[in-house]
Amino acid sequence: MKMKKRIIPEGVPCLVILGVIFGYLGYKMGVPNMMKTIMATANDLLLNTCFFLMAVCVITGALGKILSEFGVVKLCEKILRPLMKPLFNLPGTASLGACLTFLSDNPAIITLAHDRKFARFFKKYQLISLTNFGTAFGMGLLVIVCMVTQKGVSPAAPFIGLFGAFCGCMVSTRIMQFLICRANPEYKTEWAVDPIEEGQAALMEDDDEGVKKPLFMRILDSVLDGGKAGVEIGLSIIPGVLVISTLVMILTFGAGSGGNFTGAAFEGVELLPKIAAKVSFIFEALFGFTDPHVVAFPITALGAVGAALGLVPGFLEKGWMDNNAIAVCTAIGMCWSGYLSTHTAMLDSLGFRSLTSKAILAHTIGGIAAGVVAHWTWVLVSIF
């Protein structure tokens, strides 16, 4: 059988898209000003945002490791376990995944899913839905700490966002389970781990803890190991912040003083707010956004929540975000947490790549639900 030749070379669409984007920006801003703004914005984000987020990652990483080392994570898992079945239709052990992803990032849930001692409690459709369940809590501690530390933000707003993310997680996980069972009915009864192999896994449950280290060494090792993991997370979010946030900011912010482009940082063509203004009634009804610029946060969170967090200081400084927007963006940022860039890899590692589109659809709905719940919860709290 002869292979059909491509009519259009593979590189042509890429060149066309890049040509349209940079052609438009160069036409509006002038090519020299566009290049200067891109570099100046990326430089400012690196120095004033990325390093701040890295510091937050190091501190939260160290804290998370200490909580894990001294049994606080297991305690939380025991407290949350009774909620798993009625709320998420998952075994109680799934609460451990929520705790770990909250303290670290989305892929932590996949590490657990590959552990037979953990996976043997799940039906196949439940194990697959962990991609949605874990993602909704990914980098939760980082998001909340980053929001709380912003000047002028009510401490209640990020925690209302946490409640919204919790509700969005329920919606996303339940929808994903429904879609899986509809596409593959046999997954509803099949166990994730073969029953014959389950007996072998049970024999491995008793962990040999060996001789425990002295208390001081446990604390020191936890702080250093957690901080090191925080540095790795901080480094991993730099490309997203610099590339995605720079592009989003150029499409969100306007020209400099007097309406002129000077090549300074954070200048832009203000395209996203103009588009959002056309349908602002939708965002106002769902999320209570009072400024169309805020739409840039959830759009960025689709790819990387770390990059979305890089937008917050500038938005607050310009008065585009209020406490309601902080609550909503916390909910959406936590629930989505860059799922477009992680879901494919997560499902591929589980061996169910064909279900990626279903996972993305379910999580899109879940993120919107999280934002709606956070908005109306903030409205109710504000009344009282």
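Trainee: Which residue follows α1, and what is its phi?
Mentor: The residue after α1 is G30, and its phi is positive, near 90 degrees. Please keep in mind throughout that this is a predicted model.

Trainee: How do you know that the span of α1 agrees with that of a helix?
Mentor: Helix α1 runs over residues 11-29, which is 19 residues, and at 1.5 Å a residue these should span 27 Å.

Trainee: What makes α4 a mostly covered helix?
Mentor: Of the 10 residues in α4, 8 are buried. The buried ones are A94, S95, G97, A98, C99, T101, F102 and L103, and each of them carries that word because its relative accessible area is under 20%.

Trainee: What lines the second largest pocket, and how much space lies in it?
Mentor: About 330 Å³ of space lies in that pocket, and 16 residues line it, with C76, L80, A98, C99 and F102 lying nearest its centre. The elements that give two or more residues to this lining are α3 (72-88), α4 (94-103) and α10 (156-183), and the largest share, 7 residues, comes from α3.

Trainee: Why is K74 called exposed?
Mentor: K74 lies in helix α3, and its relative accessible area is 58%. The word exposed is kept for values over 50%, so K74 counts as exposed. From K74 to A157 there are 83 residues in sequence and 27 Å in space, C-alpha to C-alpha.

Trainee: Why is S129 called buried?
Mentor: S129 is found in the loop between α7 (124-128) and α8 (130-135). Its relative accessible area is 0%, and since buried means under 20%, S129 is buried. Leaving out residues up to four places away in sequence, S129 touches L90, T173, M176, Q177 and I180.

Trainee: Why does G164 count as buried, and what is in contact with it?
Mentor: G164 sits in helix α10, and at 0% relative accessibility it counts as buried. Its neighbours within four places in sequence aside, G164 is in contact with A331, A370, V373 and A374.

Trainee: What should I notice about phi in M139 and F266?
Mentor: Most residues other than glycine have a negative phi. M139 is not a glycine, and yet its phi is positive, near 55 degrees; F266, not a glycine either, has a positive phi of about 65 degrees. M139 is in the loop between α8 and α9 (140-148), whereas F266 is in the loop between α12 (215-252) and α13 (271-278).

Trainee: Are those two buried, partly exposed or exposed?
Mentor: M139 has a relative accessible area of 5%, so it is buried. In space F266 is 31 Å from G164, C-alpha to C-alpha, and in sequence the two are 102 residues apart.

Trainee: What makes L271 partly exposed?
Mentor: L271 belongs to helix α13, and its relative accessible area of 28% makes it partly exposed. Setting aside residues up to four places away in sequence, L271 touches Y24 and L251. The C-alpha atoms of L271 and G254 are separated by 8.6 Å, with the two residues 17 apart along the chain.

Technical notes. Residues numbered from 1 in each chain as written. Predicted model: local features only at pLDDT ≥ 70, side-chain atom pairs only at ≥ 80, totals over all residues. Heavy atoms only, no water. Helix = DSSP H or I, 4+ residues; strand = E, 2+ residues; numbered from the N terminus. Expected span 1.5 Å × (residues − 1). 1 Å grid on protein atoms, 1.4 Å probe; cavity = no way out; pocket = protein on both sides within 12 Å on 5 of 7 lines; lining within 4 Å. Points joined across faces, edges and corners; volume = space filled by probe spheres on them. Buried < 20%, exposed > 50% of the residue type's maximum accessible area, 1.4 Å probe, protein only. Contact = heavy atoms within 4.5 Å.
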